[in-house]
Amino acid sequence: MLALLSTFPKPHFSLLAPTQTNIYFSLIVLFTILLSALPLSLTQRSFFSSVRYHLLEMATTAASSLQIATARPCISSSRRIFKAGAAIFGGNSKVVTKAMSEATENKPISGLPIDLRGKRAFIAGVADDNGYGWAIAKSLAAAGAEILLGTWVPALNIFESSLRRGKFDESRVLPDGSLMEITKVYPLDAVFDNLEDVPEDIKANKRYAGSSKWTVQEVAESVKNDFGSIDILVHSLANGPEVTKPLLETSRNGYLAAISASSYSYVSLLKHFIPIMNPGGSSISLTYIASERIIPGYGGGMSSAKAALESDTRVLAFEAGRKHKVRVNAISAGPLRSRAAKAIGFIDMMIDYSIVNAPLQKELSADEVGNTAAFLASPLASAITGAVIYVDNGLNAMGVGVDSPIFKDLDIPTDKH
């Protein structure tokens, strides 16, 4: 019998491989029935077990050959046979499972990958390569999205020049080794809704010379004319001219300027872009824990602006969801050593405080915020809207600073830094 098996067609890389696999498994089932149902002697059982083992080896080889033909329709049926074999043959199931993994190793990674291919994103507020806006753009690009940027007008020339000269090339590297491609950069000043809102002194300002169509309405119209529609809108901008002043010392103009640039600008962006957003789209803004906790030094009305932004997120989620099927969420990010954050003056102190007191004792990476944005923009978050997602190593959950001398006698686990 074993000699007869040696003459049976050997598995090879051919279109017959799936059929051979079926035959081998059918024979294995037959010999299993013989072993379990017939009154065989010990010698006979040993013989049929040996035959079954050789058949299983041949079936496994045939199954592994299928990995070069992952596009063939017969693969799925063969996979079901592999699973059945694993269930039937108990002790030999590891061999069959190995064949299954080999047969699928050239297919996309299993699980729930974030796939934004065919999607277009507009990220407002990117003026350098070390802030959260840049990190979000990279994560969206890594997931396959096309990237459009909106850059503050006075920073536009420096930003575009740095891009051309390759100064950001190291920062543009994606996980697969390629460079993030930026399809277009638009001048943008989100403080102004349309040209009629722009004061004469701004129009005459030399930092705005040479740029045009940079109000929110004009940028939305330009994107529509250039690309027709977008799928993802990201608000990554804020400004408080009196941010270093305590709230009690903040002027009315300073307070309203913070609200205008940091929260109403998001309402304006969504208002003007949502007509060109595809149903199922996603809009994301960036907020900070100062919206709900006291952060001394984060003044000038900025804490109020972030609180307004989070409140607006909930209302906009309802309105945008009902009328346009667009989701609206905010990411409450922890402290980052970005150029914008350094303007506050105590960012290093906040990072040190977070590392000592947060549940996860590590410095927050901009990529972690970017990846969260990619998730929120993807179909994986299709039921998440009106939410504030905390990406801060868990600092938002703490009620006390455990580095206080008051807690010195408690046995609190800590990493040594």
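Which residue is the bridge partner of H235 in β5? In this predicted model, in which local features need pLDDT of at least 70, side-chain atom pairs count only at pLDDT 80 or more, and totals for chains, interfaces and linings use all residues, the partner of H235 is S285. Residues are numbered from 1 along each chain as its sequence is written, and side-chain values use heavy atoms, with hydrogens and water left out.

Strand β4 (residues 230-235) runs parallel to strand β5 (residues 277-287), the two being joined over 5 bridges; strands are DSSP runs of E with at least two residues, helices are runs of H or I with at least four, and both are numbered from the N terminus, while two strands pair if DSSP finds at least two bridges between them. Both belong to an open sheet of 7 strands with parallel pairing, ordered β3-β2-β1-β4-β5-β6-β7. Because β3 (182-188) and β7 (388-391) are the edge strands and each has a single partner, one side of each is left without a neighbour in the sheet.

Helix α11 (residues 302-324) lies across β5, β6 and β7 and runs at about 175° to β5, where angles run from 0 to 180 degrees between N-to-C directions and axes are lines fitted to C-alpha atoms, for helices over the stretch in contact, contact meaning heavy atoms within 4.5 Å.

Elements that supply at least two residues each to the lining of the second largest pocket are β6 (327-333) and α13 (347-357), and the largest share of this lining, 3 residues, comes from α13. A pocket is an open set of points on a 1 Å grid over the protein atoms alone where a 1.4 Å probe fits, with protein on both sides within 12 Å along at least five of seven lines, and lining residues have an atom within 4 Å of a point.
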